[in-house]
Amino acid sequence: MIYRIRTIAALTIREAARRRLLAALVGITVAMVGLSAWGFDRLAHGGALTSGESTLALPQSLILFMFMFSFVVALSASAIASPSVASEIESGVLMTVVTRPIRRGEVIIGKWLGLAALLAGYAAAVSVLEMGVVDWVSGYLPPNPVLTTVYLFAEGLLLLTLALLLSTRMSTLAAGVVGIALFGAAWLAGVVGFLGTTFGIGALRTIGRISRVVLPTDGLWHGAIYYLEPPSLLRAHSLGQNENPFFTRSPPSWVYLAWVGVWFVAVLGAAILSFDRREI
Amino acid sequence: MWQASSAESDGLVAAGGVPQATAPGEGAATTGSPRPSVSPAIHTLGLHKRYRRTVAVKSLSVSVGRGEIFGFLGPNGAGKTTVIKMLLGLVKPTAGEAMVLGAPVGDRRTRRRIGYLPEMFRFQPWLTAAEVLRLHCRLLELPRPSWEQSISESLETVGLAERAGDRVAGFSKGMQQRLGLGVALLGGPALVFLDEPTSALDPVGRHHVRQITRDLRERGVTVFLNTHLLAEAEQLCDRVAVLDKGAVVASGSLSELLGRHSRVRLKLSAAPAGWTTGLSAFGAWRTEGEWTTVEGVDPDAIADLVNLIVAGGGRVEAVIPEHQNLEERFLELLQEK
């Protein structure tokens with residue numbers, strides 16, 4: 001079983017390399033990191049901010065940049081996962097594969113692992129580049145770059161898993177669009193929840209909570225934020241500031257992380273079941 | 001156990017017929033202690049597929065013996081591809097059951113011994129021809145030391161040896177079809193499904209594929225051939241079934257299918273009045289000058305036909321029996337239906 005899963009995972013990775021998907025992503029990322037390096041340099045050495053202002057501006061700016069990269073990671077995850085089954089069914093590529101002595105579940109797990117490896121590589125590269133460059137030009141390094149990267153990757157992996165499930169039943173385009181739309185809706189529901197908390201509107205607060213359970217991308221993004229926040233930033237917000245899309249008081253709880261684990265297993269299991277029952 | 005001898009000697013059982021089938025459990029038992037020479041290569045009983053209101057395949061019962069080339073003929077949309085997909089486990093039947101190489105459809109171990117060339121397909125365009133074959137060597141779990149030889153033999157067989165290192169993206173449709181055939185032949189399958197295998201090929205390519213198909217028969221491989229090219233079926237198949245709107249309208253060996261529907265051309269130098277009386281009993285007839293053609297004559301009745309004419313005072317100078325070709329018979333079957 002491992003052998004067959006590994007075969008499909010290796011094929012998935014090789015496809016990304018051959019299609020120059022990785023090269024394109026790396027090119028865009030390097031350009032964005034270069035731009036951010038220039039911005040951070042201006043922020044740190046431009047002379048417009050006092051040292052006290054810098055200690056708040058640098059981490060908040062880094063959170064904003066990492067937010068942008070979290071979008072890129074999530075959108076890339078959806079973009080690579082949505083065609084992985086749908087387009088291969090449409091083109092007939094999968095017909096010659098699934099008639100071999102391989103279980104359909106092994107095809108899905110192999111693809112998931114291959115795509116997850118690509119995503120992990122990209123999330124790690126983005127984090128190292130961005131945080132490394134910021135450290136280099138401004139001397140600021142967030143408190144836990146590793147856990148930030150892990151949360152960034154987990155957020156992308158979540159969307160990747162969802163897009164893979166959608167890809168077993170929808171066309172490539174539909175799976176991609178629905179995946180990205182759900183990701184956007186989950187983020188917006190997080191903002192709605194923040195407004196509900198700020199203005200004491202219970203219904204809006206509930207929407208935010210429910211969305212974090214149904215699609216935990218926003219919850220994981222807040223995990224990434226927490227490990228980007230230095231103590232100075234947490235102290236500055238200690239006067240009753242509520243969570244918002246770019247600030248959080250505490251890391252996700254173990255219960256929440258356990259739920260995310262259950263979510264992964266359930267959605268991946270649904271993808272396997274769905275593909276197993278799919279007529280090709 | 002399988003009533004194999006019955007199935008193989010009786011040949012194909014058309015839709016609606018009831019072969020001496022085994023209980024599913026008996027068939028399953030053969031996978032534990034296989035007796036591949038005993039069970040038919042393919043055996044279906046009441047295989048049925050419905051897509052909402054559309055019936056794609058109607059209660060199909062067929063039996064294909066080991067080592068034969070079985071032709072599945074029918075117009076576009078007749079349900080031929082759906083049958084192959086059900087036999088490969090790609091599509092789930094609405095009702096009925098099927099055994100392939102003595103095992104239930106979809107059995108993972110049995111899939112090692114099955115080759116499949118789909119009608120509409122593509123290989124990974126970013127792989128080279130040799131890499132596609134290597135991937136399938138892995139999927140088939142062939143012993144690694146045998147890969148290179150299997151790959152070069154396969155490429156050689158389908159005439160792509162010189163394109164081994166070229167990416168599939170640059171292949172024409174015909175070359176992809178050749179590669180598909182090469183992939184289907186990997187690992188020495190016992191059963192090969194070919195779905196319109198020559199549809200994208202030029203005449204030379206078609207000839208080549210037909211030769212490969214004959215070679216498979218010589219090696220004892222069963223070939224299930226879906227085609228709408230009747231000349232191809234006529235040249236290759238031991239037995240055929242004609243499918244229309246999901247149902248088998250005729251089946252049997254080619255001689256069975258065509259032999260009882262001969263045409264006779266008669267040249268009469270003297271034809272007394274009323275000589276055509278009784279001619280209609282032998283078949284539909286028409287006269288053009290000295291020649292009279294009688295359609296649908298039973299070959300055994302040709303002598304009686306001549307006797308009738310002579311007894312009526314006619315003088316028969318020539319009798320030319322002509323067998324109907326498959327295309328004519330095919331069209332006739334579809335019209336009859």
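Contact here means heavy atoms within 4.5 Å. The structure is a predicted model, in which local features need pLDDT of at least 70 and side-chain atom pairs count only at pLDDT 80 or more, whereas totals for chains, interfaces and linings use all residues. Residues are numbered from 1 along each chain as its sequence is written, chains are lettered from A and ligands numbered from 1 in the order in which they are written, and side-chain values use heavy atoms, with hydrogens and water left out.

Chain B contains eleven helices and 15 strands; helices (H or I, at least four residues) and strands (E, at least two) are DSSP runs, numbered from the N terminus. Of its 337 residues, 51% count as buried, where buried means under 20% relative accessible area, exposed over 50%, and partly exposed in between (1.4 Å probe, protein chains only). Among contacts in chain B between residues at least 6 apart in sequence, 71% join residues at least 24 apart.

One residue of chain B can be described locally. B:Ser150 lies in helix 5 of chain B, which spans residues 147-157. B:Ser150 has a relative accessible area of 18% and is therefore buried. When residues up to four places away in sequence are not counted, B:Ser150 touches B:Leu142 and B:Leu186. A polar atom of the B:Ser150 side chain lies 2.9 Å from the backbone oxygen of B:Ser146.

Chain B is divided into domain 1 (4-256) and domain 2 (260-336), with bounds that come from an automatic or database domain assignment. Contacts between the two domains of chain B involve 13 residues of domain 1 and seven residues of domain 2. The two domains of chain B bury about 800 Å² between them, 80% of it on carbon and sulfur atoms; buried area is the accessible area (1.4 Å probe) that two parts lose on being put together, summed over both. In domain 1 of chain B, the residues that lose the most area to domain 2 are B:Leu230, B:Glu234 and B:Val242, together 48% of what that side buries. On the side of domain 1 of chain B that touches domain 2, two or more residues each come from helix 8 (230-236), strand 10 (239-244), strand 11 (247-253) and helix 9 (254-259) of chain B. By class, that side of domain 1 has eight nonpolar, two polar and three charged residues. Ala, Val, Leu, Ile, Met, Phe, Trp, Tyr, Cys and Pro count as nonpolar, Asp, Glu, Lys and Arg as charged, and the others, Gly among them, as polar.

Between the chains, 28 residues of chain A are in contact with 33 residues of chain B. Chain A and chain B bury about 3,000 Å² between them, 54% of it on carbon and sulfur atoms. A:Arg18, A:Arg100 and A:Pro101 supply 25% of the area that chain A buries against chain B, more than any other three residues. Four salt bridges are counted between chain A and chain B. One of them joins A:Arg14 and B:Glu131, with the closest N and O atoms 3.7 Å apart. Helix 1 (2-18), helix 4 (93-98) and helix 11 (254-277) of chain A each give two or more residues to the side of chain A that touches chain B. Helix 1 of chain A gives the most to this side, with nine residues. The side of chain A that touches chain B has ten nonpolar, five polar and 13 charged residues.

How values were computed: A salt bridge is a side-chain nitrogen of Lys or Arg within 4 Å of a carboxyl oxygen of Asp or Glu. A polar contact is a pair of N or O atoms within 3.5 Å; within protein, one must be able to donate a hydrogen and the other to accept it, and residues adjacent in sequence count only if both atoms are side-chain atoms.
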